[in-house]
Amino acid sequence: MLGGEYCNTEVPVDLLPGDIQQLTAHEMEVLWRLFQEIGRTWKDTRTDSINIGSDWREFIQAKTGVAPSYTGEYSNAVSCVSELILIHGEKEAFRKLLLDHGIDSKAPPLTRVAHLKVYVVNEFIRVQVAKEGFKSWKGSNYKGFLGGSRFNRKPRARVAKGQGV
Amino acid sequence: MKRRDFEYVFIGSGVAASTVAKTILENNRLASILILEAGPKVPAQDRRAWWDYVVLDRRPYDYCYDKKGENQSVGKTEWSFDDGRVMMYGGSTVHWGGWCLRFKPEDFQVFSRTGTGADWPISYETLEPYYCRAEEYLSVCGDDKEGWTKRSKPYPLPPFPWTAADGEMIAAFNQLGIKPGKLPIARFRKCMTTGTCKYCPVGARFSGQIALENLLSDGRHTNLEVLHNAPVAKINAASKRRIESVEYLDARTGERYEAHAKNIVVCAGSYETPKLLQVSKSMYYEKGIGNDHDIVGRYISSHAFLIVRGERDHNEEEWFQEFDFPTLMSRTYDTPEMQQDGGKIFLFKDRTRPNVDIAALMIQGMPREEVDKVVRGTRTQELQAFMDDRGLFTNRVSVGRGQNRFGLPQTQIDFTRPPEFRALIDRRLDLMEKVILAMDYKVDPKNKRIRTQSGHHMTSTCRMGKSPEDGVVDENLLVHGTDNLYVCSNAVFPTGSAVNPTLTLTAMSLRLGDHLNAGGT
């Protein structure tokens, strides 16, 4: 089982309640660490995700600044991560959460740790891959990547032989 | 019912209404115009909505599609209403792909050439200057050297390049004598190819909503008004020739209005336009406006959508689709000869393949080494095609049972393909399969098929014709027998073509705008 008493507390499937408000510095710090661990685990980041930090912060702002707000989910995520680290130690906590979680992401999330996985980890993975991670699989473009004007010298996608911009 | 007065009332807010309104306002910035949209307004370029699309694959307007169980398919051929149109401010341009292909000259002469379908009362040559204007307006990125159709002006922007994954299909095309082409696609210069074209974060693809918002934000257009959540219930006639008003509900207040206008233009698509004419009965029009000869809603034409998918067991190049639109197409089988043989097809490579959803594998908890194996494993490619259609009198759209959540009557589709259709489809699928086999891919027979029929590109339900017996509207899109009721929609196409209809509708909208600016009837 992943986590302890807090992580496995049953909660409703819907978004956990939270106001439209900024996260605290501590919450941002823990969530950023979680985001960085995604790139470290799949070895698909060249700058420890620092180069996409502004994208991630804009994502967090979009998720907490308007309804439905994710502040309740992010607050829950911080508490879950803290308990996971307390129980498993830092390295093992993130390994379990990302690779050995045993959580079915297609099933309704009914515990606090399932909420962490579905509403936070899974979405962070999508942000991380879309903004940087896909490049480590030879891609030049990916859904959600804003590469700049297509009229640059460098093509915006891998192109067929002899095809320039 | 409160009365309001305008010079023009438009019903619908998609490419047709926004383009005609823009053309009128360019001629007379003070023209008084009311645009009525039944659906809601969903914010465009909203950052939260865009992020939710990226991470959850959830479009903010998903609730504006037809829902399962809402409409009725009563013909022998199953008709799908899924994802076919968007009922919201901006209409289906909110989700369109921006594919902008001109019809070919023979598409305007289907009956003369084949004895089936109908001829257009206008020719390709008549529409050609409007095609040029439409391409500039929509900002079409195309290949001037293509040679598929005669053109008097170059495309406004160069084409998108073929992607790496197009390469092996291009080789197969060349081997089989199929000429490869670059898909002309509407994207403004600011496009950043973000792969989220169904909800662009920077407004880099034309939509009726953005076009109308631009008109509204121009301080000179003081008499332009756009209302969303305002379904139209009926069009009223003051005499046989004079159409005087439309009745609409402002769903946000619950109040009903009667908007009077010198000219009324119905731009409500191929489903709603005929239904609205059918229900607009009066002592002058017992069967509904324009329906004295019982042809409103008939002659449904819609592309047959053919696919052949192949698979191979290795993908060492680690290809996945990087644009959200296809770049490779061919019109080699979109010819008069194929038209005479029963149906032209327009070939294009599936915009979603090859593809590996890397993030989904990571979400499952798959370690890097395993993800690499999947990425380098099975690769699929798919060739797709639209086939042209000639409407049958017996195929009809009409008013269904009950109303939908936007206050529009539900839709009944009575659609049956003729018996010879299956053999024709099989011949076309065989042509497509040769391409996939030439790529050295294996084809599972279940992946060589026709998709369930739908109305994504439905046309002809209020078709143009030279006489009231032959068509609902004349060559200027005026409803036969009236002085001031126009229809501007795919519904007026006498027949469809093998290619997407929106560029042609835009050209027709610009032409109608010029006609109205010149005084109309």
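**Group meeting: a predicted two-chain model**

Good morning. Met1(B) is found in the segment that comes before strand S1 (2-11) of chain B. Which residues does Met1(B) touch, if those up to four places away in sequence are not counted? They are Glu247(B), Arg256(B), Tyr257(B) and Glu258(B). Consider also Ala259(B): Met1(B) and Ala259(B) are separated by 258 residues in sequence, yet their C-alpha atoms are 9.8 Å apart in space.

Ala259(B) leads us to the strands of that region. Ala259(B), in strand S11(B), stands opposite Val246(B). Strand S10 (residues 243-250) of chain B and strand S11 (residues 255-266) of chain B pair in the antiparallel sense, over 6 bridges. The hairpin of S10(B) and S11(B) has 4 residues between the strands, and in this hairpin Gly254(B) takes a positive phi near 85°. S10(B) also pairs with strand S9 (residues 232-237) of chain B, in the antiparallel sense and over 5 bridges. Here Asn236(B) stands opposite Ser245(B) of S10(B), and a hairpin of 5 residues joins S9(B) to S10(B). As a general point, strands of a sheet pair through backbone hydrogen bonds, either parallel or antiparallel.

Let us turn to another sheet. In chain B, 3 strands form an open sheet in the order S3-S17-S16, with mixed pairing. Which strands are at the edges? They are strand S3 (72-73) and strand S16 (396-403) of chain B, each of which pairs on one side only. S3(B) runs parallel to strand S17 (residues 409-414) of chain B, and 2 bridges join them. Within this pair, Gln72(B) stands opposite Gln412(B) in S17(B). Helix H7 (residues 269-279) of chain B packs on the sheet and touches S16 and S17 of chain B; the direction of H7(B) makes about 75° with that of S16(B).

Next, a pair of helices. Two packed helices are described by the angle between their axes and the distance between the axes. For helix H1 (residues 15-27) of chain B and helix H12 (residues 502-517) of chain B, the angle is about 35° and the axes are 8 Å apart. H1(B) passes H12(B) in a right-handed crossing. Among the residues making the contact are Val20(B) and Ile24(B) of H1(B), and Leu505(B) and Leu512(B) of H12(B). By class, this contact has 8 nonpolar, 8 polar and 1 charged residues.

Leaving aside neighbours within four places in sequence, the contacts of Phe10(B) include Ala17(B), Val20(B), Ile33(B) and Val265(B).

Finally, the two chains together. How many residues of chain A are in contact with chain B? There are 42, and they meet 31 residues of chain B. Helix H2 (53-65), helix H4 (90-99) and helix H5 (112-131) of chain A each supply at least two residues of the side that touches chain B. The largest share of that side, 7 residues, comes from H5(A). By class, the side of chain A that touches chain B has 20 nonpolar, 12 polar and 10 charged residues.

Thank you for your attention.

How values were computed:
Residues are numbered from 1 along each chain as its sequence is written. Chains are lettered from A and ligands numbered from 1 in the order in which they are written. This is a predicted model: local features need pLDDT of at least 70, side-chain atom pairs count only at pLDDT 80 or more; totals for chains, interfaces and linings use all residues. Two residues are in contact if their C-beta atoms, placed from the backbone, lie within 7 Å. Ala, Val, Leu, Ile, Met, Phe, Trp, Tyr, Cys and Pro count as nonpolar, Asp, Glu, Lys and Arg as charged, and the others, Gly among them, as polar. Axes are lines fitted to C-alpha atoms, for helices over the stretch in contact, and angles run from 0 to 180 degrees between N-to-C directions. A crossing is left-handed if the near helix is turned anticlockwise from the far one by less than a right angle, and right-handed if clockwise. Two strands pair if DSSP finds at least two bridges between them.
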